[in-house]
2 protein chains.
Amino acid sequence: MKISEFRLHSLAVADGPLRSSYGRHAPYALRTIVELKTTDGLTGISETYGGDGPLAALEAVRPLVVGRDPFQLTSLWMSLGQRTEFERQGTGDRSQTHLVPGENPMDVHTRTLAAIEVACLDIIGKAVGKPICDVVGGRARSSPPFSAYLFYKHGGGGGLGADAREDEYGECLDPQSMVRQCKQMIANYGFKEIKLKGGVLDPDAEIETIKQLRAEFGPAYPLRIDPNCAWSVETSVKVGRELREELSDGGYLEDPAAGLDGMAEVRRRLLAEGNDTPLASNVATTAFEHLPVARRLDSVQIVLSDPHYWGGIRNQQHLSKFCEVLGMGLSMHSNNHLGVSMMIMAHASAACPHLTYACDTHYPWQTEVDEVVLGGRVPIVNGCVEIGDKPGLGVELDYDQVARGCERYAKLPYRKRDDEAEMRQHVDPNWKRILPRW
Amino acid sequence: MKISEFRLHSLAVADGPLRSSYGRHAPYALRTIVELKTTDGLTGISETYGGDGPLAALEAVRPLVVGRDPFQLTSLWMSLGQRTEFERQGTGDRSQTHLVPGENPMDVHTRTLAAIEVACLDIIGKAVGKPICDVVGGRARSSPPFSAYLFYKHGGGGGLGADAREDEYGECLDPQSMVRQCKQMIANYGFKEIKLKGGVLDPDAEIETIKQLRAEFGPAYPLRIDPNCAWSVETSVKVGRELREELSDGGYLEDPAAGLDGMAEVRRRLLAEGNDTPLASNVATTAFEHLPVARRLDSVQIVLSDPHYWGGIRNQQHLSKFCEVLGMGLSMHSNNHLGVSMMIMAHASAACPHLTYACDTHYPWQTEVDEVVLGGRVPIVNGCVEIGDKPGLGVELDYDQVARGCERYAKLPYRKRDDEAEMRQHVDPNWKRILPRW
């Protein structure tokens, strides 16, 4: 069995005006659907970051992919490794302090490998008649849990022109409306853990938001807040101090300050106050080489992995083992995604014995209108995605929907995520991402 | 597909009077062959440590194995983990300083898991029509290299009574005869790297042995010496100093002194002399939790793994990733074994991208007479074992040979490896393993 076709579909997916320290989400998120066909007539699919950069990186490996036995992934990885200019230099910054996930040239090969690996595992699963999580060693759980992912946001929803549509959450730029957003989202999906994207309002307003969420939902719903490095060490410590009670019971403080050193200082100062709220990160720890440093400095107690940029599902399993051995927690980071990525994240979570928190997902922010999975959106029930027993990823492409996503993409003037540009256009013509802002 | 039968075959395998710091090898090594059959009519095999202890550990998991889908290995691991008294206590010593591999109660579950995992992977490989190394991600290499493994030894060979047979190497208890042993072994198998088991003669005689091997074979054949912790830190430093030239060019000094602290001190003192001969270990680092400590103390620069006690082939892949990330080398430890284990080691080596030295194997010390693999012994050509493209492990059992091995086992008076007892019986009635001896 050899890979005989390698197709890439660039899609635009309507996305609401969500806010973060990076700025404001554009009316469409960009995604790439990868499709591999084999000489045996099998099709494997995958989903990854969109736009020109990720597309070019995937195109660049076409000669390594076409003609390959989909079981031979190690040699693909070794070929990529040998071709990485950035990795060879070994001096770049692989953190996501300054670049959004999917845009760091240091990650290009782990992202590319992940996209190809998943499509190959989908093929293997279909050849074997087993779900991906079982192909890679068997499931640690069959219904991995996800978390409500709350965003401060402007009114309206995603899309442009005739495509524009309101979302059900409306404007949420204060604590009260965030409690409403959370109630709606939990009513829709049954999430049991709650994450708030912060770094948007004044820290006092975000502290108040978390306090109101805690008052509403109580300690049975663990709470997290993630300002994406928008705070100084001083502010991070202040927030950690004021939210000590609210972030206990399975909560955490995510990426309050930038860098492994900054995070370590926040940790040190909180511990000195007897506050052991764990720090989580998908910004300071984005590659294996960060882990021993993060452990040594005690910068990060919970790694937020993402199979999309950590190198795929088997690398996710390596990461699970690393975190277990190093005594670190593990959960999962997310970007806006469709149903294919939802299943990638579900299989990756199912295949990791050591996974200590419900994972992030942006899935509630996308809709049926853009879904490319045949039969419609992947259900999230009681906050969990059921793996089931369908071979491979367990989802197939709806090619009409893929074509619609490609049409939307073709019409768009941008080929790269730029949340700062959106802020300048819609909110403040002089807006810049400043770290730390507070 | 479910596992419907779980059979264990206890075998005795003739073994020569090889010497190490543990004592003298008995006339028979003990091995267990694991055999699983599925409801689909597939058979998966494996090989592991022999004797009462390993057998009881395997018997204990029978209820977890029979009825299991062979793809569901993660949940088997999680069930074992939850049942480990020793691991729950978390205070035991998992090193092999005082216990031979296969006898440490702290390793019981990783050893048991490894034996079951490999038999399941053999089944999966057969179901899929792919070799094991391809089932677990694809091969990094198709012909993993092994090393000549030289032993000081008494005359004669393995076996007892009518079964006794001379080996071709005769007595080797001085430098000259060791050079002869090495020439014979390289002529037979084409090895390109050479490992000497030390800790037997006075260190000066072992230094002289290495010097004569270097004089004979030159720098193209990397040299290692492994006294299994028989030396003090002082002696280790002395040997490292005197063999600095001979252990360069891809050589290493293996487990000269006991413990992560002892190894660290040897390393520190050698480095202080400008001597960066790497230290390898399969004694101080035998489990994942040792790795961060070994790295922090710089005790071990090369981990000698063994899929038989590190938890199987997928754990071997985790280990490869750990060593790559931590900047450590990786090679492989061996115990006396048959052709099934030869293939386990070959697949494990093939499946690890980061593997930096030719692996150990005792295989030349066993013979066709005891081989249980159908068609006879696994060929080692130019020092390498060819993986080929047969499904699973790529070898099947010769049931007549298995029966003969079981008969030999049934007649033996011992059920546990005890090299000290052999020394007392044949060499010195008062012999004890003393660490350090020199």
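Reply: **The parallel sheet of chain B**

In chain B, 7 strands make up an open sheet with parallel pairing, in the order 6-7-8-9-10-11-12. Strand 6 (148-151) and strand 12 (329-332) of chain B are the edge strands, each pairing on one side only. From one strand to the next, the twist averages 25°. Keep in mind that this is a predicted model.

As background, strands of a sheet pair through backbone hydrogen bonds, either parallel or antiparallel. Let's go through some of the pairs here. Strand 7 (residues 194-197) of chain B runs parallel to strand 8 (residues 223-226) of chain B, and 4 bridges join them.

Strand 11 and strand 12 of chain B run parallel and are joined by 4 bridges.

Now for the side chains. In a regular strand they alternate between the two faces of the sheet. In strand 11 (residues 302-305) of chain B, I302(B) and L304(B) point one way while V303(B) and S305(B) point the other way, and all are buried. Strand 12 of chain B has G329(B) and S331(B) pointing one way, with L330(B) and M332(B) pointing the other way; again, all are buried. Remember that strand 12 of chain B is one of the edge strands.

Next, the helices that go with the sheet. Helix 7 (residues 175-189) of chain B lies across strand 6 and strand 7 of chain B, and runs at about 150° to strand 6 of chain B.

In helix 9 (residues 233-242) of chain B, the residues V233(B), T235(B), S236(B), V237(B), V239(B) and G240(B) are buried. Their cover includes helix 8 (203-217), strand 9 and helix 10 of chain B.

The crossing of helix 8 of chain B past helix 9 of chain B is right-handed. On the helix 8 side of chain B, the residues that meet helix 9 are P203(B), D204(B), I207(B) and K211(B), and on the helix 9 side they are T235(B), K238(B), V239(B) and E242(B). By class, this contact of helix 8 with helix 9 of chain B divides into 3 nonpolar, 1 polar and 4 charged residues. T235(B) and V239(B) are also among the buried residues of helix 9 of chain B.

T286(B) is found in the loop between strand 10 and helix 11 (290-297) of chain B. Its relative accessibility is 0%, so T286(B) counts as buried. Leaving out residues up to four places away in sequence, T286(B) touches R94(B), S95(B), Q96(B), Y309(B) and W310(B).

The axes of helix 1 (residues 52-60) and helix 5 (residues 108-128) of chain A come within 10 Å and cross at roughly 70°. That makes helix 1 of chain A roughly perpendicular to helix 5 of chain A. The crossing of these two helices of chain A is right-handed. P54(A), A57(A) and L58(A) in helix 1 of chain A meet V108(A), R111(A), T112(A), A115(A) and I116(A) in helix 5 of chain A. By class, the contact of helix 1 with helix 5 of chain A has 6 nonpolar, 1 polar and 1 charged residues.

In the loop between strand 5 (43-49) and helix 1 of chain A you'll find G50(A). At 8% relative accessibility, G50(A) counts as buried.

Definitions and conventions
Residues are numbered from 1 along each chain as its sequence is written. Chains are lettered from A and ligands numbered from 1 in the order in which they are written. This is a predicted model: local features need pLDDT of at least 70, side-chain atom pairs count only at pLDDT 80 or more; totals for chains, interfaces and linings use all residues. Side-chain values use heavy atoms; hydrogens and water are left out. Two strands pair if DSSP finds at least two bridges between them. Axes are lines fitted to C-alpha atoms, for helices over the stretch in contact, and angles run from 0 to 180 degrees between N-to-C directions. Contact means heavy atoms within 4.5 Å. Angles under 35 degrees count as roughly parallel, over 145 as roughly antiparallel, 65 to 115 as roughly perpendicular and the rest as oblique. A crossing is left-handed if the near helix is turned anticlockwise from the far one by less than a right angle, and right-handed if clockwise. Ala, Val, Leu, Ile, Met, Phe, Trp, Tyr, Cys and Pro count as nonpolar, Asp, Glu, Lys and Arg as charged, and the others, Gly among them, as polar. Buried means under 20% relative accessible area, exposed over 50%, partly exposed in between (1.4 Å probe, protein chains only).
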